[in-house]
Amino acid sequence: MCILGQIRHTVMMPEINTDGLDEQQVLLLAEMCILIDEDDNRIGAETKKNCHLNENIEKGLLHRAFSVFLFNTENKLLLQQRSDAKITFPGCFTNTCCSHPLSNPGEFDENDAIGVKRAAQRRLKAELGIPMEQVPPEEINYLTRIHYKAKSDDVWGEHEIDYILFVRKNVTLNPDPNEIKSYCYVSKEELENILKKAASGEIKITPWFKIIAETFLFKWWDNLNHLNQFVEHEKIHRM
């Protein structure tokens, strides 16, 4: 039996009542994410809903994702606060854009991570209203991958291998309020203050953003003109 067959056999997809959730966000739960093994090999596809249920995550379901860090020409990082309508980590502050490539030929193309970059371009448009021509895939820099797992609540969570993507340019913003509650550009000092507030419980940040900010982000930020030294396409950081 193939690996995917084993996963589908062992992970019985539970029925979850979504009546109390935001209608627009519930529609997105039908999107097909890319199932992977722990070495990021594509082994199939499953709905966003099933990929984000803790019950499935605990049985090993793992999917591909990305996190975009977009800086303007003043070297300030664009942060967003996730809307209260989001099913996972509502109201949390996080990096510019975080989502998943979908299981279609354009987005599971692994050559130079082009599929992930196309997905990032699509979601930057959907969430932040950034015109797609302002963030072409060739201007999105893929640094490395991070494997992490985190619970949002008793029902929903994340288990991802997360592609870290950097963009540096000025863009036009027109955020979707169903996706984003607020947004701002921050300096390193301002982000350090946000992290202190998060540590004290004054605000909430997403777990992947916390991991990246505390482990990698500031050294990358100090070297925006020399990111090539941090490119690790063969490595997956287990967090």
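Colleague: Why is Asp40 called buried?

Modeller: Asp40 has a relative accessible area of 4%, and the word buried applies to values under 20%, so Asp40 is called buried. Please keep in mind that the model we are reading is predicted, and that this value is computed from it. Asp40 sits in the loop between β1 (32-36) and β2.

Colleague: What is the phi of Asp40, and what makes it worth a remark?

Modeller: The phi of Asp40 is positive, at about 70°, although the residue is not a glycine. Phe89 is a further residue other than glycine with a positive phi, in this case near 50°.

Colleague: Where is Phe89 placed, and is it buried or exposed?

Modeller: Phe89 belongs to the loop between β4 and β5 (93-94). Its relative accessibility is 8%, and since buried means under 20%, Phe89 counts as buried.

Colleague: How do you know that Lys125 is to be called partly exposed?

Modeller: The relative accessibility of Lys125 is 42%, whereas buried would need a value under 20% and exposed a value over 50%, and therefore Lys125 takes the label in between, partly exposed. This lysine lies in helix α5. Leaving out residues up to four places away in sequence, Lys125 touches Ile130, Pro131 and Met132. Between the C-alpha atoms of Lys125 and Leu195, which are 70 residues apart along the chain, the separation is 27 Å.

Colleague: What makes the pairing of the side chains of Gln80 and Glu127 a polar contact?

Modeller: The two side chains come to 2.9 Å, and a polar contact asks for a pair of N or O atoms within 3.5 Å, so the distance meets the limit. A polar atom of the Gln80 side chain also lies 2.9 Å from the backbone oxygen of Thr96. Once residues up to four places away in sequence are set aside, the residues that Gln80 touches include Cys92, Phe93, Glu179 and Tyr183.

Colleague: Which strand holds Glu46, and how do you know whether Glu46 is buried or exposed?

Modeller: Glu46 lies in strand β2 (residues 42-47). Its relative accessible area is 7%, which is under the 20% limit, and therefore Glu46 is buried. The side chain of Glu46 is joined to that of Asn50 by a polar contact of 3.2 Å.

Colleague: What makes Leu29 count as buried, and what does it touch?

Modeller: The relative accessible area of Leu29 is 6%, and with buried set at under 20% the conclusion is that Leu29 is buried. Leu29 is found in the loop between α2 (23-28) and β1. Beyond residues up to four places away in sequence, Leu29 touches Thr18, Thr47, Lys48, Lys49, Ile87 and Trp156.

Colleague: Which residues have the most contacts inside the largest nonpolar core?

Modeller: They are Phe69, Leu77, Phe166, Leu191, Leu217, Trp220 and Trp221, in a core of 32 residues. The elements giving two or more residues to this core are β3 (63-71), β4 (77-82), β7 (141-151), β8 (157-168), α6 (188-199) and α7 (207-221). Helix α7 gives the most, with 9 residues. A second, separate core has 20 residues, including Ile130, Ile140, Leu165 and Val171.

Colleague: How many cavities of 30 Å³ or more does the structure hold, and how much space lies in the largest cavity?

Modeller: There is 1 cavity of 30 Å³ or more, and about 230 Å³ of space lies in the largest cavity. Its lining has 23 residues, of which Lys48, Arg82, Thr88, His100 and Glu158 are the closest to its centre. Two or more lining residues come from each of β3, β6 (97-99), α5 (114-128) and β8.

Colleague: Which residues does the annotation "domain: Nudix hydrolase" cover?

Modeller: In an unreviewed UniProt entry, that annotation covers residues 61-211. In the model, this span is 21% helix and 33% strand, and its end C-alpha atoms lie 21 Å apart.

Conventions:
Residues numbered from 1 in each chain as written. Predicted model: local features only at pLDDT ≥ 70, side-chain atom pairs only at ≥ 80, totals over all residues. Heavy atoms only, no water. Core = buried A, V, L, I, M, F, W, Y, C linked by side-chain atoms within 4.5 Å. Buried < 20%, exposed > 50% of the residue type's maximum accessible area, 1.4 Å probe, protein only. Helix = DSSP H or I, 4+ residues; strand = E, 2+ residues; numbered from the N terminus. UniProt positions renumbered as here; feature names shortened; annotations may be inferred. Polar contact = N/O pair within 3.5 Å; in protein donor to acceptor, adjacent residues only side chain to side chain. 1 Å grid on protein atoms, 1.4 Å probe; cavity = no way out; pocket = protein on both sides within 12 Å on 5 of 7 lines; lining within 4 Å. Points joined across faces, edges and corners; volume = space filled by probe spheres on them. Contact = heavy atoms within 4.5 Å.
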